[in-house]
Amino acid sequence: MEYILKNGIVYDPINEINGEKKDVMFKDGKIVNSVSDDAKVIDVTDKLVMPAGIDVHCHLAGPKLCVGRLYRPEDERRGVKPKTDITRPETGFSIPNCPATGYRFSKMGYGTVVEAAVPPLEAKHTHEEIIAIPNIDIPPLTLFGNNWFILQFAKEGRIEDIAAFVSAWLKITKGYGVKIVNPCGSEAWGWGMNVHGIDDPAPYWDVTAREVIRALAQANEMLGLPHSIHIHPNDLGHPGNFPTTVNTIDCMKDIKKNSEYRNQTIHLTHAQFHCYDGTSWRDVTSGVEPVADYINKHDHVTMDMGQVTLDETTTMTADGPMEYDLYELTGLKWANKDIELETASGLVPFIYSGRNPVHSLQWAIGLELALMIEDPWKVCLTTDSPNAGPFIRYPRVMSWLMSYQRRAEMMDNKEVHAWAGRKSALGTLDREYDFYDIATITRAGPSKIYGFEDRGHLGAGAIADIAVYDLEPNNFDPTRNAAEVEKAFSNALYTIKDGQILVKDGEIVKVVSSKHVRTEVEGFEDEEKRILEEIMPFFNRYYTVKFENYVVHDHYAEPSSVYKVNASK
Amino acid sequence: MKQITLTPIKFSSIALEFDELIPDEIYGWSKEDFEKYEVPVGNSRFPLTDYYDIEVEGEAQSPEEVKMIIDGDAGRVKYIGCKMDAGEIVVNGDADLHAGAEMEGGSLTVNGNAESYCGREMKGGEITIKGNVREYAGTSYIGEWRGMSGGKLTIHGNAGKQLADAMSGGEIHVMGNCDILAGIHMTKGFIQIDGDVTRWPGGQMKNGAIVINGRLERLLEGFELDAIVTDPEVEGRQFTGKYIKYTGDIGVNGKGTLLLNAEKNRHHL
């Protein structure tokens with residue numbers, strides 16, 4: 001089937017198309033340069049056209065979500081929507097049920113959403129949930145930062161063995177890339193402890209976060225994986241943590257990248273939580289400046305925002321000790337999970353409020369980051385959904401980035417506490433993102449960062465993932481109309497996935513299966529075999545499951561989209 | 001003043017849901033509007049006229065001027081008066097789950113028994129149950145830590161388990177007996193129980209007051225004896241006679257007040 005999207009105003013930063021009126025053509029699910037006269041015409045004259053969105057960091061499938069839904073029924077009742085002829089029933093606000101997750105992303109014009117933290121032991125569950133989530137492609141990132149084998153090998157400096165292990169475990173878990181969460185800290189949580197800074201060794205293993213991060217990054221580049229290491233550094237959410245953040249990215253600067261498509265060797269995730277100055281919550285101030293300054297001066301790092309949206313939400317992360325701290329702070333209910341040899345996670349409900357000084361400062365810090373980092377290609381829009389806010393708020397974050405007036409208004413009329421202005425530089429930042437910048441931080445940048453050569457742009461050969469919004473960029477001023485920006489980005493006029501129209505006029509019109517997007521390394525099979533043989537006695541001794549039941553079998557990951565990588569040793 | 005009378009003509013074993021039929025929504029409805037209305041039944045909707053004869057008398061300019069009478073058993077009608085803000089609803093029979101849940105104003109009277117979750121997360125208004133209620137009356141939603149915050153719930157009969165879980169305001173008066181864990185997690189508000197209580201009132205309560213005029217079987221270990229008081233005044237209400245006053249639950253550094261009628265609770269001394 002051939003289609004032609006006619007006369008839209010196209011923003012496609014990878015192909016340097018900045019608001020040109022042009023047609024986008026696609027055939028059999030791929031973008032093409034020309035179509036025949038039989039092509040079906042979709043008239044989108046003067047409307048905003050972009051590639052479909054790519055979310056670089058979201059928690060949307062897996063055991064944490066399931067625990068969250070089980071222990072937060074009070075969240076599930078928010079956002080209840082009955083089934084229709086096309087869609088299944090929806091529930092939930094910060095932790096929606098699986099179908100709702102797919103529909104809501106689709107309605108915002110998103111096509112690919114990265115599941116940010118998959119413990120290998122629970123990878124099967126993640127893939128089961130991906131099967132239940134429709135309409136978006138999902139690459140899962142596999143957790144390695146507190147894995148016992150990695151800690152051991154990093155201590156011994158066995159980089160090639162780590163590469164073999166990563167290569168094998170990406171196949172075993174059907175994962176896309178390497179995620180590191182509070183390296184050594186989540187492991188220390190097994191002893192009721194945490195680590196602080198990147199040179200504080202994990203108990204028993206006597207290895208530091210610096211050694212683990214560097215080892216995994218070297219292995220990542222040895223394999224030439226499409227994505228760099230994706231890191232949630234130590235000391236998340238602690239006042240005075242910005243030096244840890246700078247040290248974490250700085251310890252990577254001599255590592256050479258092995259990828260033509262991406263530019264970075266480290267992706268710093270939910271940076272907002274990692275840019276605090278001060279010594280306690282009483283004297284906390286923004287620590288954005290040194291971090292943004294470092295990122296501005298170095299090209300080996302990219303980041304995503306982790307923007308606080310001032311909602312009641314659910315925090316969930318594989319950073320067990322941090323969640324315990326949060327529980328101590330809020331006194332609300334807390335769930336803790338021990339993932340055997342791999343990690344420890346936790347969940348705590350959280351109410352971000354504009355009346356609260358700290359939350360308002362966090363809100364300011366996220367925006368400050370996006371506005372102080374000069375190159376939008378280094379920035380991605382996220383809310384670390386659902387940790388800093390649910391993903392359905394992305395359009396609202398866009399409206400804040402696009403309008404200085406709106407930000408000032410929020411600070412002036414007390415929608416946020418005075419700390420937002422007093423303890424950060426947000427009030428002085430009058431930069432405003434335009435549609436090209438928004439397309440960069442939600443489409444083009446993520447595509448580059450993840451090595452998704454086939455998506456995030458509208459060049460011939462790319463998959464036909466396209467979003468059309470009910471805005472006319474040539475007759476519309478986003479700096480003065482924040483509410484309309486939010487409304488338009490929340491309800492796509494069209495969301496097209498693999499050439500199929502899934503959303504029309506903000507409503508789901510078609511439901512398709514999500515693809516499991518994963519990486520497979522070729523040319524490392526012998527090393528993988530050797531490492532598996534070596535660790536198997538240890539595996540059998542300490543895991544509660546047999547290896548045969550640990551592996552994610554092929555039928556869990558259908559349909560798949562596989563990125564093959566030739567390990568260039 | 002507008003009076004709406006619904007007389008049951010057919011029983012449905014699958015529950016009907018009445019959360020849309022509150023004075024705030026229907027004060028402007030004519031008889032024809034009711035006849036057009038389809039009521040949720042399980043996962044479908046059917047005409048309200050399948051189940052009720054409907055009579056509408058008088059006119060209303062606002063929800064306050066509405067009186068709705070369900071003239072018969074509503075033991076399989078859920079959410080009666082749920083989220084209502086004004087007006088009056090009377091049920092001449094039993095009510096099913098969530099009667100008066102999230103109510104903000106007006107009044108609901110059930111001349112029969114009410115099922116569980118009666119008055120859940122109530123914010124204001126008045127609920128009177130002439131019979132018994134089951135579990136979780138005046139409580140929070142499952143998983144929720146913010147419960148009833150205002151209004152008055154009066155139960156002429158007995159109350160079930162976990163009355164007023166996470167209560168943070170308002171008033172509950174149980175004239176009959178009460179089962180375990182009344183006032184669990186409560187942070188504010190007032191509960192009076194005139195009958196006997198099985199065990200554990202006020203578990204993990206942080207503040208607020210519970211007065212028990214009947215016999216309490218078992219007290220939680222987290223309550224410390226304060227004093228024997230005579231004719232105490234609790235939250236502006238005067239009680240006569242001797243009471244044993246406890247403070248708790250010390251397990252959560254609670255400063256709540258628990259008063260037991262001294263005559264009937266000598267076994268605790």
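**Exercise 1. Contacts along the chain**

What share of the contacts in chain A with a separation of 6 or more comes from residues 24 or more positions apart?

*Solution.* The model is predicted. Start with the contacts in chain A that have a separation of 6 or more. Residues 24 or more positions apart account for 78% of them. Now turn to burial: 59% of the 569 residues of chain A count as buried.

**Exercise 2. Overall size**

Compare the radius of gyration of chain A with the value for a compact globule.

*Solution.* Step one: take the length, 569 residues. Step two: a compact globule of that length would have a radius of gyration near 25 Å. Step three: chain A has 22 Å, which agrees. For the extents, the C-alpha trace spans about 65 × 55 × 45 Å along its principal axes. The secondary structure of chain A comes to 19 helices and 24 strands.

**Exercise 3. Helix α16**

Check the length of helix α16 (residues 435-450) of chain A, then describe its surroundings.

*Solution.* Count 16 residues at 1.5 Å a residue: the helix should span 22 Å. Its end C-alpha atoms are 21 Å apart, which agrees. Now follow the axis. α16(A) has a kink of about 45°, centred on Ile441(A). Then check burial. In α16(A), 15 of the 16 residues are buried, so the rest of the structure largely encloses this helix. Last, step past the end: Gly451(A) follows α16(A) and has a positive phi, near 70°.

**Exercise 4. Helix α11**

Which residues of helix α11 (residues 320-330) of chain A are buried?

*Solution.* The buried residues are Gly320(A), Pro321(A), Met322(A), Glu323(A) and Leu326(A). Next, find what they pack against. The elements are α7 (185-188), β15 (312-317), β16 (335-339) and β17 (343-351) of chain A. Finally, look just after α11(A): Gly331(A) takes a positive phi of about 75°.

**Exercise 5. Two chains in contact**

How many residues does each of chain A and chain B bring to the contact?

*Solution.* Chain A brings 6 residues and chain B brings 5 residues. Sort the side of chain A that touches chain B by class: 3 nonpolar, no polar and 3 charged residues.

How values were computed: Residues are numbered from 1 along each chain as its sequence is written. Chains are lettered from A and ligands numbered from 1 in the order in which they are written. This is a predicted model: local features need pLDDT of at least 70, side-chain atom pairs count only at pLDDT 80 or more; totals for chains, interfaces and linings use all residues. Helices (H or I, at least four residues) and strands (E, at least two) are DSSP runs, numbered from the N terminus. The radius of gyration is taken over C-alpha atoms; the globule rule is 2.2 Å times the number of residues to the power 0.38. A residue is buried if 20 or more other C-beta atoms lie within 10 Å of its own, exposed if 12 or fewer, and partly exposed in between; C-beta atoms are placed from the backbone. Two residues are in contact if their C-beta atoms, placed from the backbone, lie within 7 Å. Ala, Val, Leu, Ile, Met, Phe, Trp, Tyr, Cys and Pro count as nonpolar, Asp, Glu, Lys and Arg as charged, and the others, Gly among them, as polar. The expected span of a helix is 1.5 Å times one less than its number of residues. The bend at a residue is the angle between axes fitted to the seven residues ending there and the seven starting there.
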